[in-house]
Amino acid sequence: MNYSGCQGCNHCKSAEECRVDDDLSGLLEDIRKADAVVFGSPIYFNLFSGQFKLMQDRFYSFIDSGFRSRLAPGKKVVIVTSQGHPDISAFEKAADDFAEVLRFLGFEVVDIIRMGGGGPPDAVLDRRDLLDQARSVGSSL
Ligand SMILES: Cc1cc2nc3c(=O)[nH]c(=O)nc-3n(C[C@H](O)[C@H](O)[C@H](O)COP(=O)(O)O)c2cc1C
């Protein structure tokens, strides 16, 4: 996907939507309509990735001029994150901070799935506990 971050133009404070027209436009519309969303990011230099943050900043269009969320409240959300460091407490703030943003927007954060010791794309196949957690939370949505 090719997309840019929020331009800070404030168009979305008088109109209902983001003026930037790119590959994120449809995704933002999908989030508006969704009953449940799963967000995921690896940890890059202690934080969620830059690509993820560009998307997150575009959520500005979900907020009206009075700083209230335009989203229907109660959308369920699961956050999935992976890091190389084996101790998940090392960077847990990244997902916790994003969860706070989502709560502000009216989401119900159902679970945060955190993988430590990540690396190769298939590393999670050795983590039966995380696969079970994902299956269990997925079926609860
Ligand atoms: C640019 C970059 C920065 C990274 N920074 C960190 C970091 O600060 N802490 C950490 O534990 N792992 C870090 N990693 C490792 C990734 O978080 C780890 O490999 C993760 O499991 C990748 O998830 P993915 O397979 O979903 O892409 C970094 C990897 C890259 C490519």
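A salt bridge is a side-chain nitrogen of Lys or Arg within 4 Å of a carboxyl oxygen of Asp or Glu. Lys-53 and Asp-57 meet this criterion through their side chains, at 2.7 Å from N to O. The model is predicted: local features need pLDDT of at least 70, side-chain atom pairs count only at pLDDT 80 or more, and totals for chains, interfaces and linings use all residues. Residues are numbered from 1 along each chain as its sequence is written, and side-chain values use heavy atoms, with hydrogens and water left out.

**View 1. The Lys-53 and Asp-57 pair in helix α3.**
Lys-53 and Asp-57 are four residues apart in helix α3, so about one helical turn separates them. Helices (H or I, at least four residues) and strands (E, at least two) are DSSP runs, numbered from the N terminus. Lys-53 counts as partly exposed because its relative accessibility is 41%. Asp-57 is partly exposed too, at 30%. Here buried means under 20% relative accessible area, exposed over 50%, and partly exposed in between (1.4 Å probe, protein chains only).

**View 2. Arg-58 and Asp-22, a buried pair.**
Arg-58 sits in the loop between α3 (50-57) and β3 (76-82). Its relative accessibility is 1%, so Arg-58 counts as buried. Asp-22, at 18%, counts as buried as well. The two side chains form a salt bridge, 3.0 Å from N to O. Asp-22 lies in the loop between α1 (11-14) and α2 (23-33) and Arg-58 in the loop between α3 and β3, so the pair ties together parts that are 36 residues apart in sequence.

**View 3. Ser-4 beside both members of the pair.**
Which backbone atom of Ser-4 lies 2.7 Å from a polar side-chain atom of Arg-58? The backbone oxygen does. The backbone nitrogen of Ser-4 is 2.9 Å from a polar atom of the Asp-22 side chain. A polar contact is a pair of N or O atoms within 3.5 Å; within protein, one must be able to donate a hydrogen and the other to accept it, and residues adjacent in sequence count only if both atoms are side-chain atoms.

**View 4. Further salt bridges.**
Side chains of opposite charge can pair when their charged atoms come close. The whole structure holds eleven salt bridges. One of them joins Asp-64 to Arg-68, with the closest N and O atoms 3.2 Å apart. Asp-64 counts as buried because its relative accessibility is 16%. Arg-68 counts as exposed, at 52%. Elsewhere, Arg-128, Asp-132 and Arg-135 are linked in a salt-bridge network.

**View 5**
The residues around the ligand are Pro-42, Ile-43, Tyr-44, Phe-45, Asn-46, Ser-82, Gln-83, Gly-84, His-85, Phe-91, Gly-118 and Gly-119. By class, the shell has five nonpolar, seven polar and no charged residues. Ala, Val, Leu, Ile, Met, Phe, Trp, Tyr, Cys and Pro count as nonpolar, Asp, Glu, Lys and Arg as charged, and the others, Gly among them, as polar. Strand β1 (residues 36-44) gives the largest share, three residues.

A backbone N or O atom of Ile-43 lies 2.7 Å from a ligand oxygen. For Phe-45, a backbone N or O atom lies 2.8 Å from a ligand nitrogen. A polar backbone atom of Gly-84 is 3.0 Å from a nitrogen atom of the ligand. The protein covers 62% of the 650 Å² of accessible area that the ligand has on its own. Accessible areas come from the Shrake-Rupley method with a 1.4 Å probe; for residues, only the protein chains shown count as cover.

Phe-45 lies in the loop between β1 and β2 (47-48). Its phi is positive, about 50°, although Phe-45 is not a glycine. Phe-45 counts as exposed because its relative accessibility is 81%. Asn-46 belongs to the loop between β1 and β2. Phi of Asn-46 is near 80°, again positive in a residue other than glycine. At 47% relative accessibility, Asn-46 is partly exposed.

**View 5. A nonpolar surface patch.**
Val-38, Val-80, Val-110 and Leu-141 form the patch, with about 270 Å² of accessible area together. Patches are made of residues with over 30% relative accessible area and no salt bridge; like charges are joined within 9 Å, nonpolar side chains (Val, Leu, Ile, Met, Phe, Trp, Tyr) within 5 Å. Leu-141 lies in the segment after α5 (128-140). Its relative accessibility is 39%, so Leu-141 counts as partly exposed.

Key
A residue is near a molecule or strand if one of its heavy atoms lies within 4 Å of it.
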